[in-house]
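Please examine the sequence and the model before reading each solution.

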Amino acid sequence: MIICIILLPIIAGILVPLLPFHKRCHKEIFLEGAVILNSILVWYLLLHHSESTFLLAHFTGDLNISFRVDGMSMVFAGLVSGLWPFATLYAFEYMTKEKHENSFFLFYTMTYGVTLGIAFAANLLTMYFFYELLTLVTVPLVMHTLTREAVLASRKYLYYSLGGAAFAFIGLIMVIVYGNTTDFILGGVLDLAKIGDRTNVLLLIYVMAFMGFGVKAAVCPFNSWLPQAGVAPTPVTALLHAVAVVKSGAFAIIRLTYYSFGTEFLRGTWAQTTVMIVVMFTIVYGCSRAVKETHIKRRLAYSTISNLSYILFGAVIMTPLGLTGAITHLVFHAVMKISSFFCAGAIMHQTDKRYVHELNGLGYRMPCVFGIFTISALALMGVPGLAGFISKWNLAQAAVDSQNPLAYGGIACLLISALLTAIYMLSIVVRAFFPGKDFDDSSLQDAHDPNWKMLLPLFVFTVFIILFGIHSQSIVNFFYDVAAGVY
Amino acid sequence: MYPILLPILFPILAGLCLLVYRKDLERKLLTGITGSCLVITGALVISVLALAKKSLILFYLTETLPIYFQIDEISVIFSVLTVVVFVCAGFFAFAYMKHEQKEKRYYGFYLIAFGVLNGLCFAGNLITFYLFFELLTLSSFPLVLHTGTREAIMAGLKYLFYSLCGAYASLYGIYFLYRHCDTLTFTAGGILQASPASPDGRFLLLVAFLMILGFGVKAGMFPMHAWLPTAHPAAPAPASAALSAVIVKAGVLALIRVIYYIFGADFLRGSWVQTAWLTLALVTVFMGSMLAYREPVLKKRLAYSTVSQLSYILFGLAVMDQDAFMGGLLHVLAHGFIKGTLFLIAGAIIFTTGKTRVDELHGIGKEMPLTMWCYTIVSLGLIGIPPTGGFVSKWYLAIGGLAGDIGIFRYIGPAVLLISALLTAGYLLPLTIRGFFPGADYDYNALQKREPARLMTIPILFMTILSVLIGLFPNIITDYLTKFVSSLL
Amino acid sequence: MDFVCNFPFFSILISLFSGTICSILPEKAAKAVNRIVIAAVGVMSGILLLYLLGTGESFVYWMGHFPAPWGNEIRAGVLEAGMALFFCIIMYLSMAGGAHKLFDEVEESKHNLYYILINLLLSSLLALVYTNDMFTAYVFVEINTISACGLIMIRQVGRTIEAAVRYMIMSLLGSGLFLFGLCIMYDLTGHLLMSNIKESVALLIQNGEYQIPLIVSVTLMCIGLCIKSALFPFHAWLPDAYGYSTVSSAAILSSLVSKGYIFLLIKIIYRVIGFDIFNSTRIIDVLFVFGLMGMIFGSLSAIKENDIRRMIAYSSVAQIGYIYMGFGMGTQAGMVASVFHILSHAATKSLLFIAAIGLTEVSGGSRKFIDLTGAGYRNKWAGVAFTAGSLSMVGVPLFSGFISKLLFAQAAVQVEGKMLATLIVLGISTVLNAIYFMKTVIRIYATTGDTSYPCITFKDMKVHAIVLIFFILLNIILGVNSQPIVNMIEQGLAMFA
């Protein structure tokens, strides 16, 4: 079942250039059908999962490729499978203006399978494998436009990701050597007897592995690939560079911290302090860069950098509550950020405007898009009643609860970042809706809201932003159970 | 259903409808709709205050965080003030906003802000309060940047970011309070368990200071007051009136709620936080007056005056004494009515003459006698001359300050208040003097009677009368409040 | 003794004599003979390997049934047989993959000579693998050098001659040092057979005699072989030699010739000096440091290069560094990793050379990156193969490079003092590998580039494409099914002792 879920999108993707589609809409139906079917299968699996591990292949020794559904995979797979059909729908419309559609959908759909592979990986090696694979299938997407800029961006993306994986790999080795198993077990698998007095070395390796996986999660100073990768078509930027790829980095760090090294081993050590400082710095750094940036997508990308570190901040608190906060933000941020990215994409698609200062007065021409953008902006700021508030609340509560003075500082970083978020998000909103006195909008006559394929995903995400904000009890309880290892 | 929600939701929804409706409305229709909405909301508030059940848990945001409403005496004071000022300034706006673009947008946000303020007054716990506090910022900054000039937009953004900055500083505190309190429900006397001497307590003192600073931003407390003098002149006059009379009071309300209902006055009394707060408040009082004194632009001068006067209230709160607290509450009302009137008058002057600087306004009293009489009366009130409202509140403040257990501030406080009152006279009365006594070289032949429209004068008159009434019959309010104030302290 | 035991001897002999025969055959026939010989040796090695796996023991083969010290000995174990088989596979594939370029690169009249040299090379490699006699080893080292030199020089372009001369000088220096070391060793022990020397050495160590001459001897031999296998500071001859020779030569030279010397070194370590004695010297530390430096500096040079073949050549320097790093760890696990990396690197590097030629062909013969833009679209198979090779080099799971990295890292963790250095350099080196290989991969897929160049489809280059597919498969087999191979290596190393 799991393997089928992972393979289905990959095969569907490969079929795209091979099948002779007469009309574009046939291709759309085929792809959308495949993606929706897969999402349904994923949800079926999540709701009827069993504890058993599915072994696919044996590597060397006790290293194997195997899959299992546990709490974290439920969260991540559920999130990804929830977003993908909408993103695909959006991509159909968006890609009408771009070339090489087939190769785009080929890799776009394959990525779905690979991401699910990361989600369902039962051990560190499997995750590492799909993690590398994810890099490889997404590079063509970044390179899609084949402009010089895109080539440079994809190059950088590759260097960073592969380089990061190289250091994550060292962590993997440590777990293989000093752990009882490489399987993910909440609480960690390290064997203290084997470690002996090498604690410090292991901590150093943890920091290295953290930074390694952190490359994908755009931890400072390894974040510069993310804004550059924004040259990719918006569905890619939105889904992959705000959710699937970057969250895989965060997901991998959570796996590494909670399921491999174990929080007992790490909590209170200098390693925790180090990574927490790095994460806190990234939170503020990402936001401040976002404020300076005038290209909309790049601005959102910097915002993603900062928000990813929110997730990591939750993760490095290293308590169940912290994990709950991290998971909450992992899910909620996905919805918020994809919504704002899709708005940016809609603006680019409809008007070819890509800089903040070009947006004056557009709010009246594209009320739906900008209305939704405003909501996602408010949510990202953390206005109560929207999703962002809840996730920040959970993160902050975890930090307060941890009694770690550094984490108190982390809360301050969260709030500084919230303020900066307000600056960079609301300045867009203000421009769009308050263009200034006697603004002449005759040049904007042609701009209007996009069609339903773009709007539907936006509306759905907005509904979820509000829903999560107002009624988060059940889902947060579920996250708490995940963090406590119930599933 | 939930009657307590009506005064909150009705104006918000009405405002949203106005905003979302895409076609332009006939001006008469628009003002008609807005006017009736304002009146209905006012009626709803009053009836809710009088009749409805006093508390309501709406739903749970997270497992332990309810959206909870509760009406107590403080709510009553603030919502009465809100209703009066919003309705008056609203009607004033119907006349004033004629020469502005995009009126619909203004009324939409105005209504929303009204609803949000009601929510703020009725909020029964800190989270609900914070929710409306954020919403208030978001719904009121469009009012500031409404005119759309570059200056206005920058002022609006400045207001927005200062406010958010303050809100987030307070949120930091809320995160910690939540851990140390079982609930965040407002309870008279505070709910904090920890003692200020314990390590947790020491940290909580810091948190308290942070929250004072944070919410103090909205109340224009030094050092985060700078948004106020920028935002007020940029906004349309009725918006400045609402802003200065009510919206900044949200900061005061916030501090009352946090200090007296969450921390508890006992927790802070005698701590370094109280000292710091008193210092800041007094510095602000003095500095605001000084700056106002130096300021030639009328609206800006009034804005500085607001900075100074708000810190009177904060001083009252910071003393943590019954009389001072009572004085603070009275000053909330008095200053609300007075400053609302003053800004409306400034608006009326701008509307009719187009002049903004005080030194241009020679003989204005001859042109607009009724308006300028009102101006004079409320100015006297603000200075604190009996029998106006300002006198009573300042009396209580001074009494409280002298009686309070605040060390050296017992003497400094009232002294600063007095000096500031002098300065107040210094910056408000010249307009009266020049207005009515333009001097020998004034050209009486060019004099025109330019009394503004009824829609403008009636709200001004109404609020002036109210401000005098407070001064004449303060007992109604003090009697109503005494028991409750003693329960707080 | 089973008949199979004659196979090592047969393989050496066949390849040696077929070389001689080739000189009188017409070109086509020479080519056929060459292929058949390689295939035959491969098959024989395969059978031998199966046989040895069955018996689980190595055997010593007396040439002409003269016992030592008079006769010459050949020794075959799992590792030797496996290595021989692997060398044959790579050589066959490289020859097949580069065959169509031979006409462009080498004069018609020299084709025979080419096959002769290949056969000689094969025989010398086999001899290096199988011999149990130090002097025989030396002889074949020289034969190897000469044939390799010929292979470089056969393409008579100015640079290749220079390269060949440089190679010749460096190689001769290397073999000279090796001979020097050998002489001292002979002086100390009075033996030339490996097993005999080992006994004497053990005795010397035990008695504490002649420590310094012994060390000097070992050092000289090590340096000699290091020079010949292009360990970091001695790699100056390598980029030109690999970069400008014919494509098959480059593939064979990089993946086999240097590996032959390394294999000889392994034999010396295990069978002449003794693993533990070798590890107790400081030599391993030196090897370790040079290995690490090679990993970094080789990659750095590769990054600076803008000629695809020279870049691949420099990458070899880095990969050789990996292998020596494995030696330098001084543990069994490190050795296993090194041997595995010999296989993995051989499979990958020849793949890259062959794929690179496919890419340059569709770019007007230019090897500059700027001309290679979009070559991956023009020659799809070569593009895919190059990508696969690069990924393997970077160490992406599924490919062989990942497993060798895994083995190195696992080995490193067991060595207390060297763990951190190894792991960090491994990480850095991976990053650097990623930089230059991925840069190239992106370059070949960057844009459609200059459309005036021809496109090549599968039909135009069947052999080439099939060879590439085989190489990829070989890589994936090494990557996915590594456990039996690692077991085999462990078994083989155990047989050495």
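**Exercise 1. Determine how many residues of chain C are in contact with chain A, and which elements of chain C supply them.**

Solution. The model under study is predicted.

Step 1. Count the two sides: 25 residues of chain C are in contact with 23 residues of chain A.

Step 2. Assign the side of chain C to its elements. Two or more residues come from each of α18 (400–413), α19 (419–444) and α21 (482–496) of chain C.

Step 3. Identify the main contributor. With 10 residues, α19(C) provides the largest share of the side of chain C that touches chain A.

Step 4. Sort this side by class. The side of chain C that touches chain A holds 16 nonpolar, seven polar and two charged residues.

**Exercise 2. Describe the fold of chain C, and state how its radius of gyration relates to the globule rule.**

Solution. 

Step 1. List the secondary structure: chain C contains 21 helices and two strands.

Step 2. Apply the globule rule. For 497 residues the rule gives 23 Å, and the radius of gyration of chain C is 22 Å, close to that value, so chain C is as compact as a globular protein of that length.

Step 3. Note the extent. Along the principal axes, the C-alpha atoms of chain C fill a box of roughly 75 × 55 × 45 Å.

Step 4. Of the 497 residues of chain C, 62% count as buried. Of the contacts in chain C between residues at least 6 apart in sequence, 79% join residues at least 24 apart.

**Exercise 3. Locate the two domains of chain B and characterise the side of domain 1 that touches domain 2.**

Solution. 

Step 1. Domain 1 of chain B covers 1–265, and domain 2 covers 269–489. Their centres, taken over C-alpha atoms, are separated by 22 Å.

Step 2. The contact involves 43 residues from domain 1 of chain B and 49 residues from domain 2 of chain B.

Step 3. On the domain 1 side, at least two residues each come from α3 (73–96), α7 (199–218), α8 (227–234), α9 (237–247) and α10 (249–263) of chain B. The element that gives the most is α3(B), with 12 residues.

Step 4. By class, this side of domain 1 of chain B comprises 35 nonpolar, six polar and two charged residues.

**Exercise 4. Which residues touch the most other members of the largest nonpolar core?**

Solution. 

Step 1. The largest nonpolar core has 615 residues, of which A:Leu312, A:Ile338, B:Leu120, B:Val144, B:Leu255 and B:Leu314 touch the most other members.

Step 2. Helix α6 (residues 148–178) of chain A supplies the largest share of this core, 20 residues. Domain 1 (1–265) and domain 2 (269–489) of chain B each contribute at least three residues to this core.

Step 3. Examine one of these residues. Apart from its neighbours within four places in sequence, B:Val144 has contacts that include B:Ala152, B:Tyr159, B:Ala231 and B:Ala239.

Technical notes:
Residues numbered from 1 in each chain as written. Chains lettered and ligands numbered in written order. Predicted model: local features only at pLDDT ≥ 70, side-chain atom pairs only at ≥ 80, totals over all residues. Domains from an automatic or database assignment. Contact = placed C-beta atoms within 7 Å. Helix = DSSP H or I, 4+ residues; strand = E, 2+ residues; numbered from the N terminus. Nonpolar A, V, L, I, M, F, W, Y, C, P; charged D, E, K, R; others polar. Core = buried A, V, L, I, M, F, W, Y, C linked by C-beta atoms within 7 Å. Buried ≥ 20, exposed ≤ 12 C-beta atoms within 10 Å, placed from the backbone. Rg over C-alpha atoms; globule rule 2.2 N^0.38 Å.
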